Amino acid sequence: MTVEDESGPRVERSLPESGRMERVAPLIRRRIAPNGGPFTATGTCTYVVGQDRVAIIDPGPDDPGHIAALLDDLGPERVEAIVVTHTHRDHSPGARLLAARTGAPIVGCGPHRAARALAEGEAPMLDASSDAAHAPARILAEGDAVSGPGWTLVAVETPGHTMNHLAFALPEADALFSGDHVMAWNTTIVAPPDGEMRAYMASLEKLRGRTETTYWPGHGGPVQEPARLVRCLIGHRRQREAAIRARLAAGDTRIPEVVAAIYQGLDPRLRGAAALSVFAHLEDLVGRGLVACDGPPRLDATYAPA
């Protein structure tokens, strides 16, 4: 899931089409689920890694048609592992459909979990987007791997978008499957309590130290200069934080006021997502003592400079 951001580091000029299998690298094929929209680009990218005995990354939503088409594409090839980056409903429910058809184990991220407990009177903002039924056969932690003939997928813990988010390195291709953590088509939504801005920023900093030359994200096309984009994303988030603090200094006290001021021209369908991103920054700023709040940080709280 992403939020439209007119000042973010948008570097992609075209988006890949859904509905067909495409070989995008010698070891990687991609079929995009038909769930396109303002939060998903042309749909969720399902990746096939390897040949003959393969791994499938992020089978996507609960869409029997997408799973059937994926298996038709594979023909007699054997699915060795079903790998899931995180538990949003556009990524993980298809894993259960695929497991039922193939008998392959579901591995990767653990069950869905929130970044924190709900504050008094707070409603779960992205509850409808969370896949509470996800129950993998094997949970992968940092450095754990699943492998097959000619391929190895190594887990990289990248919490923030969700707290169980994993990326997966493919050393044989010098590539990283970045899930929804880093994408070229748009910036990533971080929405408390489902996600957490502090964790997200730490995960971005973590990726700064990696050397993969291509990222394959959960939506949109590949990230061809990932080190550059990660630096841009970190800088953009810091600029967004500064803009929020400036609005508070100018007298704004509520999240809708801040959103209206700094997301001018935003698609109206994405105002709610923008509010959640501002909320994530404010929660982090309150935790760091840089912003004051009239109680625990909430969407409807009142904020001011500390």
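**View 1. Val48 faces its partner in strand 5.** The bridge partner of Val48 in strand 5 is Ile56. Strand 5 (residues 53–57) is joined to strand 4 (residues 45–49) by 3 bridges, and the two run antiparallel. Strands (E, at least two residues) and helices (H or I, at least four) are DSSP runs numbered from the N terminus, and two strands pair if DSSP finds at least two bridges between them. What you're looking at is a predicted model: local features need pLDDT of at least 70, side-chain atom pairs count only at pLDDT 80 or more, and totals for chains, interfaces and linings use all residues. Residues are numbered from 1 along each chain as its sequence is written, and side-chain values use heavy atoms, with hydrogens and water left out.

View 2. Follow the 7 strands in the order 2-3-4-5-6-7-8, with mixed pairing. Strand 2 (21–25) and strand 8 (138–139) sit at the edges with a single partner strand each, so one side of each has no neighbour in the sheet. Helix 1 (residues 64–74) packs on this sheet, touching strands 2, 3, 4, 5 and 6; contact here means heavy atoms within 4.5 Å. The direction of helix 1 makes about 150 degrees with that of strand 3 (28–32). Such angles run from 0 to 180 degrees between N-to-C directions, using axes fitted to C-alpha atoms, for helices over the stretch in contact. Helix 2 (residues 93–102) lies across strands 5, 6 and 7, at about 160 degrees to strand 6.

View 3. You'll find Ile106 in strand 7. Is Ile106 buried or exposed? Its relative accessibility is 9%, so Ile106 counts as buried (under 20% relative accessible area; exposed is over 50%, partly exposed in between; 1.4 Å probe, protein chains only). Leaving out residues up to four places away in sequence, Ile106 touches a group including Ile82, Val84, Ala99, His134 and Pro136.

**View 4. Strand 12 and its two partners.** Strand 12 is mostly covered, with 5 of its 5 residues buried. Ala175, Phe177 and Gly179 point one way from strand 12, while Leu176 and Ser178 point the other way. On one pairing, strand 11 (residues 166–170) runs antiparallel to strand 12, joined by 3 bridges, and Leu170 stands opposite Ala175. These two strands form a hairpin with 4 residues between them, where Asp174 in the turn has a positive phi of about 55 degrees. Strand 14 pairs with strand 12 in the parallel sense over 4 bridges, and Tyr215 of strand 14 stands opposite Leu176.
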